[in-house]
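Subject: A structure for you to look at

Hi,

Here is the structure I promised to pass on to you. Please open it beside this email and follow along as you read.

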Amino acid sequence: MAQMKVEYLVLGMVSTNCYLIQNTETNELIFIDPADNAKELMRHVERMEGKPAAILLTHGHFDHIMAADALRKEYNIPVYVHELDEEVLEDPSLNLSGNWAGAYSMEADRQVKDGDKLTIAGFEIAVLHTPGHTQGSCCYYFPNEQVLVSGDTLFAQSYGRVDFPTSSPSAMKTSIKRLLTMLPDDTAVLPGHEMTTSIAMEKRYNPLA
């Protein structure tokens, strides 16, 4: 089983957690939600002696994607997004970039769907479709390491906003309940903003539990 090292930077206008998940045996790493400041992320890769393998997006909002294209070009690696959020990536009115930073759009290289099993950088990764924040929001679950990267779905004692284009309060409630039901209590949860948590903590304290 690959040995996992997780580092993160808080970047961008709304303080997004950008994760670098590294296989310490091969130094391969995965970017998840590279929010902004590609040069800073590149410097961090150098410090980690990392070999980037892929970019995973939990959803298409601008504050999770602004460095993705530059990193893709620098390292010649693919960008993954859920098939239902390709539309969000490509439309500034849906990805909210026009409201904050000026219109921005991009395309992913590969689309994923619920139940997909990815093998990247020596890690097994399950794709969990968790609509609510956006129609194609998804979480990435590393079953062997019991780590969930939850994007803007599950936060510490909270959850992502549901008042944006393609959001759905009812879908969010269903998604949260699914995560809390299906994943082991000791699963570490790495959210898109603020502090880390665990499934056990969210079963006790999340308002949608």
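Let's start with Ser15, which is partly exposed, with a relative accessible area of 41%. Ser15 sits in the loop between β1 (4-11) and β2 (16-23). Its phi is near 55°, a positive value in a residue other than glycine. Here is the background: most residues other than glycine have a negative phi. Please keep in mind that this is a predicted model.

Asn37 is another residue with a positive phi, about 60°, although it is not a glycine. You will find Asn37 in the loop between β3 (28-32) and α1, where it is partly exposed at 36% relative accessible area. A further positive phi, near 55°, belongs to Asn76, which follows α2.

Now to the helices. His44 lies in helix α1 (residues 38-48). Is His44 buried or exposed? With a relative accessibility of 12%, His44 counts as buried, because the cut-off for buried is under 20%. Apart from its neighbours within four places in sequence, His44 is in contact with Glu7, Leu9 and Leu20.

In helix α2 (residues 68-75), the residues Ala68, Leu71 and Arg72 are buried. They cover an arc of only 105° around the axis, so they are on the same side of α2. What covers the buried residues of α2? The cover includes β3, α1, β4 (51-56) and β5 (79-82).

Next, have a look at the aromatic rings. The structure holds 3 aromatic pairs. In one of them, Tyr8 and Tyr19 have their ring centres 5.8 Å apart and their planes at 45°, so the pair is tilted. Tyr8 is in strand β1 and Tyr19 in strand β2, 11 residues apart, and the pair links distant parts of the chain. Tyr8 is partly exposed, with a relative accessible area of 47%, whereas Tyr19 is buried at 3%.

There is also an open sheet to trace. Its 6 strands come in the order β7-β8-β9-β10-β13-β14, and the pairing is mixed. At the edges stand β7 (117-120) and β14 (197-198), each with a single partner strand, so one side of each has no neighbour in the sheet. β7 and strand β8 (residues 123-129) run antiparallel and are joined by 4 bridges. Thr119, for example, has Glu124 in β8 as its bridge partner. Helix α6 (residues 169-182) lies across β8, β9 (138-142) and β10 (147-151), running at about 140° to β8.

How many disulfides does the structure hold? The number is 0. The sulfur of Cys138 is 6.9 Å from the closest cysteine sulfur, in Cys139, which is too far for a bond, because a disulfide needs the two sulfur atoms within 2.5 Å.

Enjoy exploring, and write back with any questions.

Best wishes

Definitions and conventions: Residues are numbered from 1 along each chain as its sequence is written. This is a predicted model: local features need pLDDT of at least 70, side-chain atom pairs count only at pLDDT 80 or more; totals for chains, interfaces and linings use all residues. Side-chain values use heavy atoms; hydrogens and water are left out. Helices (H or I, at least four residues) and strands (E, at least two) are DSSP runs, numbered from the N terminus. Buried means under 20% relative accessible area, exposed over 50%, partly exposed in between (1.4 Å probe, protein chains only). Contact means heavy atoms within 4.5 Å. The arc is that of the directions from the helix axis to the C-beta atoms. Two strands pair if DSSP finds at least two bridges between them. Axes are lines fitted to C-alpha atoms, for helices over the stretch in contact, and angles run from 0 to 180 degrees between N-to-C directions. Rings of Phe, Tyr and Trp (its six-membered ring) pair if their centres lie within 6.5 Å; planes under 30 degrees apart count as stacked, over 60 as edge-to-face and the rest as tilted.
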